[in-house]
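Open your viewer and get ready to click around. We'll go stop by stop, with something to select each time.

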Amino acid sequence: TADDYILLSNAKGSGWGNFTIYLKEPVDLSQLDLKFVARGSSGGEFLSIVIVDSDDKTYRMERDLSTRITNEWQLYKINFRPIKNAVDLANIITIKFEFGSLTVGNSSGAAIFLKDVYVAKARRSRWL
């Protein structure tokens, strides 16, 4: 239905709120983008992506690479190539969506609606 979504709620101002996806087998994010559709309850909420590789190395997207969510449903795309040396992008086993007050600065009561999470081949532009 049109209402199929995950509600990420920082109802009590939790510092470490996150939604975690554990992958059945490692995924190569070096050639893929993470895509998802999201909206905030009021707009201006933040989501930060955290990825973990099969050697348990973790990378948390910095505030400037985090996604600022609008109050309308919108497709967001995360490209991991800029962080290719931080973790083994060819062997990602966990993807987290962080929304807590300490991790991304969301206020108490912030709510984010998340749906249609998937990975897709990254499109590259070629300059002639």
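Which residue lies over the face of W73, at 4.1 Å from the ring centre? Select K115 and you have found it: K115 is the residue over that ring face. The rule for a charge over a ring is that NZ of Lys or CZ of Arg is within 6 Å of the ring centre and within 35 degrees of the ring normal.

Before moving on, a word on the model. It is a predicted one, where local features need pLDDT of at least 70 and side-chain atom pairs count only at pLDDT 80 or more, while totals for chains, interfaces and linings use all residues. Residues are numbered from 1 along each chain as its sequence is written, and side-chain values use heavy atoms, with hydrogens and water left out.

**Stop 1: the whole chain**

Switch to cartoon view. The protein chain has one helix and nine strands, in the order β-β-β-β-β-β-β-β-α-β from the N terminus. These elements are DSSP runs numbered from the N terminus: helices are H or I with at least four residues, strands are E with at least two. Of the 128 residues in the protein chain, 40% are buried (buried is under 20% relative accessible area, exposed is over 50%, and partly exposed is in between, with a 1.4 Å probe and protein chains only). Now think about contacts, meaning heavy atoms within 4.5 Å. Take those in the protein chain between residues at least 6 apart in sequence: 84% of them join residues at least 24 apart.

**Stop 2: back to W73**

Y5 sits in the segment before strand 1 (6–10) and W73 in the loop between strand 6 (67–69) and strand 7, 68 residues apart. Both partners are partly exposed: Y5 has a relative accessible area of 37%, and W73 comes to 33%.

**Stop 3: another tilted pair**

Next, select F19 and F97. Their rings are 6.3 Å apart centre to centre, with 35° between the planes, and the pair is tilted. F19 belongs to strand 2 (residues 18–27) and F97 to strand 8, 78 residues apart. Are these two buried or partly exposed? F19 is partly exposed at 24% relative accessible area, whereas F97 is buried at 0%.

**Stop 4: strand 3 and its partners**

Colour strand 3 (residues 32–40). Eight of its nine residues are buried, so strand 3 is mostly covered. Strands pair if DSSP finds at least two bridges between them. Strand 3 and strand 9 run antiparallel and are joined by eight bridges; look for A38 opposite L114 and D33 with its bridge partner A120. Strand 3 also pairs with strand 7 in the antiparallel sense, over six bridges, and there D33 stands opposite N79.

Now find strand 9 (residues 110–121), which pairs with strand 1 in the antiparallel sense over five bridges. Click L114 again: I6 stands opposite it here.

**Stop 5: the core**

Show side chains for F36, L47, I49, I51, F80 and F97. Of the 24 residues in the largest nonpolar core, these touch the most other members (a nonpolar core is a set of buried Ala, Val, Leu, Ile, Met, Phe, Trp, Tyr and Cys residues joined through side-chain atoms within 4.5 Å). Strand 3, strand 4 (45–53), strand 7, strand 8 and strand 9 each supply at least two residues of this core, and strand 3 gives the most, with four. Zoom in on F36: leaving aside neighbours within four places in sequence, its contacts include L47, I49, Y76, F97 and L114.

**Last stops**

Select R39 and F113. The charged end of R39 sits over the ring of F113, 4.1 Å from its centre. Finally, go to R81 in the loop between strand 7 (74–79) and strand 8 (92–98). R81 is partly exposed, with a relative accessible area of 23%. Its C-alpha atom is 9.0 Å from that of L32, 49 residues away along the chain.

Methods: Rings of Phe, Tyr and Trp (its six-membered ring) pair if their centres lie within 6.5 Å; planes under 30 degrees apart count as stacked, over 60 as edge-to-face and the rest as tilted.
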